[in-house]
Amino acid sequence: MRTMQGTGVSAGIAIGEIRVLDTAEHAVERRVVDDPQAEVERFRAARDTAVDQLKRLRDKTAAEFGEGKAELFDTHQLMLQDPDYVESIEDLITQSKVNAEFAVNSTAEQFAAMFAAMDNSYMQARAADVKDVSRRVINVLEGRGVGADQDDGGSRIILAEDLAPSETVQLDRSKVLGFVTAKGSANSHTAILARTMGLPAIIGIGDAFNPEDDGHVAVIDGASGMVFVDPDEATLTEYQGKKAKYEEHLRLLQELKGKPTETKDGQRVRLYANIGRPSDVTAVLANDAEGIGLFRSEFLYLESEDYPTEEFQFEAYKEVAQKMGDRLVVIRTLDIGADKQVGYFNLEHESNPALGYRAIRICLTRPEIFKVQLRALLRASVYGNIAIMLPMITSVQEVRDAKKILEEVKDELRGEHIDFNEHIQVGIMIETPASVIMADELAAEVDFFSIGTNDLTQYTLACDRQNPNLGRFADPHSPAVLRMIRMATEAAHRHNIWCGICGELGADLSLTDTFLEIGLDELSVSPTSVLPLRDAIRNH
Ligand code: PEP
Ligand code: MG
């Protein structure tokens, strides 16, 4: 048995086989080869294997998610058979006498740069694809597996160096028992996703990460951060017992369903849930949340291979609104950038992306993208109780500019005789110190505030939320953060608008009393945190 200690970021116990996900970028070596013709043959064989893998992946995706989602794998197969691409690789091998891996990698870089420089956004988005298929060929050449392709249908504990949000959303959730990563931080979107999915997750096991654990049985405890590989009999029995107890605790919490979220002395708080995709609504309803306080709409973009269309987004928002009936659904507009990178946006590399071109800044400078989303949101607004929320606000002008674009879109829809909710609420996220300082002026412009404590902590304390080494310096309990929350709430109330929290701190039961005392109107947390929080509020 090997024991590792990480940081638990999503409670629960999982027992099962490990699947190591190969997500790390590997450096590709340049070697001189004596027999270029043999190397060309080696490339051709690897390319054929990669095409076969893509065919299987295509059929599996078509069966599970429909033809639309499978099309990407057709494109990938075509790319690997493209005469220019193949010729470039084979020429490089024969003329420069280099190994196939190096030739594939160089060609991929060259083609990706060419696609990225094109005017057309569709072609620009192909830059990520050519890198992706080339990585597949290199993996075959190097004898490395590619996760999902070796799928035998069983559920696994995922072990990876690190997981980007885009990689996490692409995992087949029905086959994931939990996550363990070498890197990561508690407020990363991968940790948030694990909590939304109600899966045990542990980050930061560091050097204890060993790819050879693939296929071994492990026990993971998402509360304590403990991982046991090849557990002995006693550990297995102990954790089977703990797992049963935890499940019993969850069962008991179910009894709070349907009960009001109200303190003993009658203070009511609206208890909402956060989601990232329409299918999360099942967990929202199962945990009896009273609404959705944050729908991170950018996950629709992260899951797509190209800009999601108005129709695709409309269907997603409509589905959530309909399922939630008259309960409020706060949909946050696109918050892409920083750790949430999407290839087809072709965002320039930034040395400080959290302080860079992200969220509302992208929407205001690329209104053609923003408008597609706003049209979809407005059209969906007649199917339920939708509110719009703008992220990363730092000034009154940004809110006015965004509202102006919203008015233009409303006018367009009126012109086309398309119905929407004329009284749709518009709110903002309070997640920058500037928005707290300007809270009075901002409150006069909008219908509600929702405090994003993940970013507010990062920007207030100057602590990168992705950096796992900042420990006590990145403390969201810091009086500076708590005072910011109080300031924003008081400003909201002075202007008769409501104020909630949708950052992870909302679920921190050690702060529930403080939030009640500050007078927050709403708390929006991961679906699995709804009932524990209701329990805490009812016992206050
Ligand atoms: C936040 O910053 O607290 C928030 C809710 O938004 P996100 O975590 O998606 O940045
Ligand atoms: Mg944020």
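**Close-up views of a predicted model**

**View 1. The lining of the largest cavity.** Sorted by type, the residues of this lining come to 3 nonpolar, 3 polar and 8 charged. Here Ala, Val, Leu, Ile, Met, Phe, Trp, Tyr, Cys and Pro count as nonpolar, Asp, Glu, Lys and Arg as charged, and the others, Gly among them, as polar. The structure you see is a predicted model, in which local features need pLDDT of at least 70 and side-chain atom pairs count only at pLDDT 80 or more, while totals for chains, interfaces and linings use all residues; side-chain values use heavy atoms, with hydrogens and water left out. To find your way around, note that residues are numbered from 1 along each chain as its sequence is written, and that chains are lettered from A and ligands numbered from 1 in the order in which they are written.

How many cavities of 30 Å³ or more does a search of the whole structure find? There are 5, and the largest has a volume of about 80 Å³. Its lining has 14 residues, of which Arg-296, Arg-332, Glu-431, Asn-454 and Asp-455 are the closest to the centre. Strand 10 (292–296) and helix 17 each contribute at least two lining residues. A cavity is a set of points, on a 1 Å grid over the protein atoms alone, where a 1.4 Å probe fits but cannot get out, and lining residues have an atom within 4 Å of a point. Grid points are joined across faces, edges and corners, and the volume is the space filled by probe spheres set on the points. Helices (H or I, at least four residues) and strands (E, at least two) are DSSP runs, numbered from the N terminus.

View 2. Glu-431 (OE) and Asp-455 (OD) coordinate the magnesium ion (ligand 2) at 2.0 to 2.1 Å. Glu-431 sits in the loop between strand 13 (425–430) and helix 15 (433–437), while Asp-455 belongs to helix 17 (residues 453–461), so the pair ties together parts that are 24 residues apart in sequence. Donors are N, O and S atoms within 2.8 Å of the metal (3.2 Å for Na, K and Ca); water is not among the atoms, so sites may look incomplete. Are the two residues buried or exposed? Glu-431 is buried at 2% relative accessibility, and Asp-455 is buried too, at 3%. Buried means under 20% relative accessible area, exposed over 50%, and partly exposed in between (1.4 Å probe, protein chains only).

**View 3. Salt bridges.** The count for the structure is 42 salt bridges, each one a side-chain nitrogen of Lys or Arg within 4 Å of a carboxyl oxygen of Asp or Glu. Arg-251 pairs with Glu-248, their closest N and O atoms 3.0 Å apart. Arg-251 is partly exposed at 45%, and Glu-248 is partly exposed at 35%.

In another salt bridge, Arg-486 meets Glu-517 with closest N and O atoms 2.9 Å apart. This pair links distant parts of the chain, helix 18 (residues 479–494) for Arg-486 and helix 19 (residues 512–518) for Glu-517, 31 residues apart. Arg-486 is partly exposed at 28%, whereas Glu-517 is exposed at 51%. Elsewhere, shared partners join several salt bridges into one network that includes Glu-310, Lys-371, Arg-375 and Glu-408.

**View 4. Strand 12 and its neighbours.** Of the 6 residues in strand 12 (residues 385–390), 5 are buried, so this strand is largely enclosed by the rest of the structure. Strand 12 pairs in the parallel sense with strand 11 (residues 328–332) over 5 bridges, and with strand 13, also in the parallel sense, over 4 bridges. Two strands pair if DSSP finds at least two bridges between them. Look for Met-389 of strand 12 as the bridge partner of Arg-332, and for Gln-425 of strand 13 as the partner of Ala-387.

**View 5. Helix 7, a covered helix.** How many of the 9 residues of helix 7 (residues 189–197) are buried? The count is 9 of 9, with His-189, Leu-193 and Arg-195 among them. Gly-198 follows the helix and has a positive phi, near 70°.

**View 6. Asp-22 and Asp-162.** Asp-22 lies in the loop between strand 3 (13–21) and helix 1 (36–65), and is partly exposed at 30%. Although 140 residues separate Asp-22 from Asp-162 in sequence, their C-alpha atoms are 9.3 Å apart in space.

Terms used. On a 1 Å grid over the protein atoms alone, a cavity is a set of points where a 1.4 Å probe fits but cannot get out, and a pocket is an open set with protein on both sides within 12 Å along at least five of seven lines; lining residues have an atom within 4 Å of a point.
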